[in-house]
Amino acid sequence: PSSPLVLKNVTISVPPGSTLGVVGRTGSGKSSLLLTLFRIVEIENGGSLEIDGVDIRSVSIQTLRESLSIIPQDPVLFAGTIGFNLDATGKASKEDMWLALEAASPELARQFRESGGLDSPIAEGGSNLSQGQRQLICLARALLKKSKILVMDEATSSVDATTDQQVQATIRREFVQKGVSVITVAHRLDTVLGYDKIAVLGDAKLLEYGSPSDLLKLRNGELKQLVEADRRNKMKGGKVAQAIGA
């Protein structure tokens, strides 16, 4: 109780069907915002978080979390079948499961069809699958829920570039273009520079909020500094790669 708050006076409004990128340096409060949204951490000191005008604390945790979809940074899979990992509740039909898999990755869906269908075994933690395949299954799980709000904790930061492109294309096609609100905590700035709005957090506060184009016009803006630092790091990485190649 005596520890300082990890978020202070952060006020953000996300219109339905819009995209919001949350960026900031390490320790700025990005992931804490997601923990609050799912009520893993409760709000203190009189703040509130509302969805469609309803305070999330006025509904049960189960109702809240069933209304949200999340694609985490580290994909979570359980020992069992692919069908169980897509829908542990058993409410979804087999047809809907296949549609979700096809939408996430036609190639992955084909592999499962050929190897055992929805009864294909998944080892604990998905250890019998690649990192990219595990993330695509988490994407299919989110597609299957058909929630109006999708949350991503930089879901593609640990996968290869090909899988990253595949996931981003699917998110645009299956979520953004269908009116789903998408909130992304971004470690790769390129992921969110095309979003409707960006919130820049720092020292537990909201430093900037607006469209990427407007924020990048600010002479000493926080987003502009983050982008420029990111570009410098990429240039250094390229020089190191060239030196190693030489």
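**Close-up views of a predicted model**

**View 1. Strands β9 and β10 run side by side in opposite directions.** Strand β9 (residues 197-202) is joined to β10 by 5 bridges, and the two run antiparallel. Strands here are DSSP runs of E with at least two residues, helices are runs of H or I with at least four, and both are numbered from the N terminus. Two strands pair if DSSP finds at least two bridges between them. Look for G202, whose bridge partner in β10 is K205. This is a predicted model, in which local features need pLDDT of at least 70 and side-chain atom pairs count only at pLDDT 80 or more, while totals for chains, interfaces and linings use all residues. Residues are numbered from 1 along each chain as its sequence is written, and side-chain values use heavy atoms, leaving out hydrogens and water.

**View 2. Six strands make an open sheet.** The order is β4-β7-β8-β1-β9-β10, with mixed pairing. At the edges are β4 (68-71) and β10 (205-210), each pairing on one side only. From one strand to the next, the twist averages 20 degrees (axes are lines fitted to C-alpha atoms, for helices over the stretch in contact, with angles from 0 to 180 degrees between N-to-C directions).

**View 3. Helix α1 lies across the sheet strands β1, β4, β7, β8 and β9.** Helix α1 covers residues 30-37 and runs at about 145 degrees to β7 (149-153).

**View 4. A charge sits over a ring.** R113 lies over the face of W98, 4.0 Å from the ring centre. To count, NZ of Lys or CZ of Arg must be within 6 Å of the ring centre and within 35 degrees of the ring normal.

Terms used:
Contact = heavy atoms within 4.5 Å.
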